Amino acid sequence: MSDVAHADGHHDVHEGTGIDNRKLGMWVFLSSEFMFFGALISNYMLFKGRDYSAFMPTGQSVLLPRGLYDIPFTSVSSFVLLMSSLTMVLAHDALVSGDQNRTRVWLAATGMLGSVFIGGQVFEFTEFVQQGMTISSNPAASAFFMLTGFHGAHVFFGILMLLSLYGISKRQGGLTEVQGLNVELVGLYWHFVDIIWIVIFTIVYLIP
Amino acid sequence: MATTASRSGARTIFRRPDSNTGFWGWITTADHKKIGIMYGYTAFTFFILGGLEALLLRIQLSQPDNVFLSASEYNAMFTMHGTTMIFLFVMPVSAAFFNYLLPLMIGARDVAFPRMNAVSYWIFVFGGIFLYSSFVFGTTGPPEGGNLAEVASRLGSGPNGGWFGYAPNSGLRFSTGTVMDYWSIGLQILGLASLISSINFIVTVFNMRAKGMKLLRMPVFVWMTTVVAFLLLFSLPIIAVALFMITFDRNVGTLFFDPSMGGDPILWQHFFWLFGHPEVYILVLPAMGIVSEVLPTFSRKPLFGYPAVVFAGAAIGFMGFGVWAHHMFASGVTPITQAAFGLSTMAIAIPTGIKIFNWIGTIWGGKIKLNTPMLFSLGFVGMFVIGGLSGVTHSIVPADWQQTDTYYIVAHFHYVLFGGAIFGLFSGLYYWFPKLTGRMYSETLGKLHFWVFFVGFNLTFGPMHWLGLNGMVRRTWVYAEETGLGPWNMVVTIGAFIIALGVLIFMINWTWSKRNGPIAPFDPWDARTLEWTLPSPTPEYNFAVNPVITSLDDFWHKKYSEDADGRPVRRPEATALLAEYEEVGLNPPEPIHLPNPSYYPFLVGVGMPMVGYGLIYDNTAWGIPLLILGAVTIVGSFIGWGVEPLEEPHADHHSDEPDHEHPGTDGEDS
Ligand code: HEM
Ligand SMILES: [Cu+2]
């Protein structure tokens, strides 16, 4: 992530925002992600309320996502994901106070919590499929799997990034001040993914 | 000298490339100017391909009841023609301008993320190759006869669902075979490239401007680039979702666009045009930016109403997101929707009108020099006005019902995209030719090119208006003798070949002048913007001394003051000043370090088509392995990249000065 033009950084004068290039880049990227999830969510909202009974073979009933949710289960896994935002903050805190070991521990904890969340999602998906709702059952189910699946993929990439940070922290020199910004960047991404989940959870699971 | 051991031993997989020249110099470069040039040549290659496809279309349509192409060949040709012109020519050639010029115009040594820039280029290249490889590997079903059928049956065929890929046509039910998978995955890859570069440009504009370059002192071209980058940023995710949906429908079994299972084909159109309408501004705003630089230079007057041009550009950008359904008046959307989108569409003509007014105001009373760039810019304004007017007629819903899917529409969007965007882009190619190559092009050939283009263009697309109003239907490969449409169609086809002749003249001019043209001074047009303070061709480090800006058109004001009537008067010290620019530009007072070349951007690009083929052929033995190999290549490259510092001491061409203080980006200087 050291892809920043610093050509002659020590005597370049710029008229800029004062925000580091990489951080601004991450913000800009996330604003685009916002549109991405916006499209996925509206897609789900569009399909969730429709009546698909006319398209079913006779004698079969329509299995919709909202008929199958286990809200307590998902609430717990959502809580786990929320906690991972906290540990991410703690990781950054530890880095600022110069404690490499503690940083590493909190980074690992964040990754673990993220993995637990993904595990929960995998369990939930298999559960749904066993009850008969697959990605090809009806468009609402398709939209549900697509939306939550893409969110899961984002969490997965976040975990990959956390792993790389962990790896870097083991190297000689470890997470230096400049790499510290990397922790901040991954943090921004991680919090974004969390916030999006809260929106998804509210819209998909809680609102009838 | 640099010690190889300390470099490769440290932590990279490959020995870092350290040469900026030769073949690998181009492959591994992170220099925004080289990347810009590569963007330009690659895009132009695709322009030739798209043009050949257009000629094949026109040969087929030149006479009634023609059997030159079969129906499915025709479908493939117009699909790939539209897709190529939009995604593989106009967008990337605009990106070529952005890449080359943006840092120069804002007084920066590079873009914010130099290697990211290379990544977006390589993803674009490999995405384009992937898309075109469908002609070799893709399948559409059994061949149907026609001249290309033999080849097609052996080699498969191109995507055939239109550049708009309307569902359910592009779904599995009506498009068996793999060609539409190539289309949807190919566009996804190309979109990724644009997304990366739009982030890069936004950060560059907001963070890398030279001291004193306030936002409202940026050249209009930079402004239009910024608007385009934001349009891409917000519209690409929408088409990405839509493309994922169609890809999943075809390969995973989702039901989004399958009406027989409760899916919703109109949703495709909403998503597509929510992206597609902003897209037309993505195509035309860069050209508007170019024209706004060229007209003042050759009229020897400042741009009339600079803030109005800037704000109109931004307004067009915003409003572009609110008018998409005017592409769907004939798709069964409600009357209220139609009225709302009709009105919002008419409203968007206002900022566009402001711009045209400002361009005319710029020319008005100027001392006009009719060089080739100026001719093309004037051509742009004229053709764009015609295209804009026929566009307004579409916002009237009943008229649109009559015109839609006829050649009237084809005429309209070619006036906007060819007469507008392409004329503007050619204007830019001639205007900045000296800066790129250090030589002057041949003015005679340039003017010849313009006039051939101009005549051919109007001969091609003018008659299409009345062909359309007389009922010639779009996207049909054949029409009957009795319609009486034959003669005008022959004219149109002849026009298309005249256009091709124009392109040929351009290519001759370019290749000849690049080598043999007279040596260009560094400010041949007596221009206004910063890039003209640099020697031609631009040195690798751009600015020998970081510029400081005190006004809009700073360079111009250093050369000219005004007399009592507001006419420009050359300052007495201008000549000495210019000589100094040239002298210093060629001999920077101190060594300048630049980002090093890298293999990783190229490798990221290589991984993309692997993933694409893997997805398409996931039901064969080698699909999944290829998918995994591609993913590993991409992720591995990013990891390699993550641990590779942007610059390494001694690894650049200033290695003879090892003591120069030098900040490594991750603090690991050795
Ligand atoms: C030599 C110049 C050109 C000729 C003769 C030409 C001709 C044509 C023809 C005959 C069609 C098919 C219309 C149909 O069957 O629906 C077409 C479609 C199209 N053209 Fe061009 N064209 C030219 C240049 C361009 C350029 C420069 C652009 C864009 C920048 C462009 C964009 C398109 C698009 C978007 C379509 C619609 C494709 C579709 O319906 O899928 N064309 N053109
Ligand atoms: Cu539109």
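I looked up B:H277 and found it buried, with a relative accessible area of 5%. The model is predicted, and I read every value below as computed.

I then checked B:H327, which is partly exposed, with a relative accessible area of 28%.

Next I took the copper ion (ligand 2). Its protein donors are ND1 of B:H277 and NE2 of both B:H326 and B:H327, at 1.7 to 2.0 Å. I noted the sequence spacing of these donor residues as H-x48-H-H. B:H277 sits in helix 10 (residues 265–299) of chain B, and B:H327 in the loop between helix 11 (306–319) and helix 12 (335–363); the pair is 50 residues apart and links distant parts of the chain.

I moved to the iron atom of ligand 1. B:H81 and B:H414 are its protein donors, each through NE2, at 2.0 Å. I recorded 6 donor atoms with angles of 85 to 179° among them, and the site is octahedral. B:H81 belongs to helix 4 (residues 71–106) of chain B and B:H414 to helix 15 (residues 407–431), so the two tie together parts 333 residues apart in sequence. I found both B:H81 and B:H414 buried.

Last, I checked helix 1 (residues 21–48) of chain A. Its 28 residues should span 40 Å at 1.5 Å a residue, and the end C-alpha atoms are 41 Å apart, so the two values agree. At the start of this helix I found a side-chain oxygen of A:D20 within 2.7 Å of the backbone nitrogen of A:R22.

Note on methods:
Residues numbered from 1 in each chain as written. Chains lettered and ligands numbered in written order. Predicted model: local features only at pLDDT ≥ 70, side-chain atom pairs only at ≥ 80, totals over all residues. Heavy atoms only, no water. Donors = N, O, S within 2.8 Å, 3.2 Å for Na, K, Ca; no water. Tetrahedral: all angles 85-135°; square planar, octahedral: opposite > 155°, others 65-115°. Helix = DSSP H or I, 4+ residues; strand = E, 2+ residues; numbered from the N terminus. Buried < 20%, exposed > 50% of the residue type's maximum accessible area, 1.4 Å probe, protein only. Expected span 1.5 Å × (residues − 1). Polar contact = N/O pair within 3.5 Å; in protein donor to acceptor, adjacent residues only side chain to side chain.
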